[in-house]
Amino acid sequence: MSRRRGLALSAAVSALALAASGCVTVHGEREVVPATTKSEAARVLAEFTDAYNAADKAYDPELSADHVTGALGEINQASLRAKGKTTPGGNPRHNPLELDDARFLIPAKAGWPRWFVADTDSNRDVDDDPEQDTRWFVAFVKSGPDARWEAAYLSILTPDEIPEFAEDAEGHAKPVEADADDLAVAPARLSEEYADFLGRGGESFADGQHTSDWRAQRETNADRPGRTTQWVDQPLDKGDFAPLALRTEDGGAMVLFTTRHFEKQTAARGVPLTVRPEVRALLKGEIKRSVTLERVSNQVVTVPARDQRDSERRVAFLNRIEGLTGAAGQ
């Protein structure tokens, strides 16, 4: 777990003026323009934080539904639905989230969707201990000129895990195309590669908690007295779940991507299956012999350049956040 940060056209003054107003519509599908402005990005971050806090205080997913999408949306909305059922009076321990000291990584690119990343300091650190300081990276996407900015990814990194990001001549972050062929693994391939790796293994990913360790843990838990567990991993990489990638100074990239995971637990005859309250809150059907848990996983990795030596070409995980999004009993 480690590291940090288009081509700038000489855009016409009118296009820049529209960009500065947050309304970039002139040849939006062809012109390379900044995704947004720092002032608009700050407003979007503030609106997201307000909605997040309102939803968390009331345990009401409707209060944040218009501000989240993709992996973060799936995780956030399912969590709030479950908590709303298990604690219908709202969150008795609500502590408002604060995201400040924001740095905005704003790519310049053509076409839609547009996106940017807010690198922020949260108040969720352990007693604000500098030794345990973390930064919240929130990626926002906008599908079209009339669409709302929505948070699609959340990653939590320590300062020494943040890559150095490359910038263009105008100071904008450099986006990486989904099918970029100068990386060890193209961003568009990561979700499928990771799902395949979890099922069959391979050489694409560096050893660690979310790769080799997770596979070993599954092998240990597959057969327990009175219970068997099976896993199915699926890529999730279209639409609002598409990967987002920023070029790093070393020629590689930091990539955010999503996967979906199913865990089926089957009990031997006469052995009861017990589940946690948050699972039961999302449960469909009746648990007789088995329960299938559905989770969405939001991850951030560094991908080295393809021209690295074989031993240095493995994808390395920086952070992974998963959440229960459904459960089915049989």
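This is a predicted model: local features need pLDDT of at least 70, side-chain atom pairs count only at pLDDT 80 or more; totals for chains, interfaces and linings use all residues.
A nonpolar core is a set of buried Ala, Val, Leu, Ile, Met, Phe, Trp, Tyr and Cys residues joined through side-chain atoms within 4.5 Å.

**View 1. The largest nonpolar core, with 23 residues.** Leu 105, Val 117, Phe 137, Tyr 153, Phe 165, Leu 244 and Leu 246 have the most contacts inside this core. Helix 3 (70-86) gives two or more residues to it, and so do several strands, including strand 4 (114-122), strand 5 (135-142), strand 6 (150-157) and strand 12 (290-303).

**View 2. Phe 137 and the residues it touches.** Leaving aside residues up to four places away in sequence, look for Leu 105, Val 117, Tyr 153 and Phe 165 among the contacts of Phe 137. Others among them are Arg 103, Asp 119, Ser 155 and Met 254.

**View 3. Strand 8 and its two partners, strand 7 and strand 10.** Strand 7 (residues 223-224) pairs with strand 8 (residues 227-236) in the antiparallel sense, over two bridges. Here Arg 224 stands opposite Arg 227. Two residues lie between the strands of this hairpin, where Gly 226 takes a positive phi near 80°. Strand 8 also pairs with strand 10 in the antiparallel sense, over ten bridges, and you can find Pro 235 opposite Thr 259 there.

**View 4. Ser 64, in the loop between helix 2 (38-58) and helix 3.** Is Ser 64 buried or exposed? Its relative accessible area is 2%, so Ser 64 is buried. Beyond residues up to four places away in sequence, Ser 64 touches Ala 51, Ala 55, Asn 76, Gln 77 and Leu 80.

How values were computed: Residues are numbered from 1 along each chain as its sequence is written. Side-chain values use heavy atoms; hydrogens and water are left out. Buried means under 20% relative accessible area, exposed over 50%, partly exposed in between (1.4 Å probe, protein chains only). Helices (H or I, at least four residues) and strands (E, at least two) are DSSP runs, numbered from the N terminus. Contact means heavy atoms within 4.5 Å. Two strands pair if DSSP finds at least two bridges between them.
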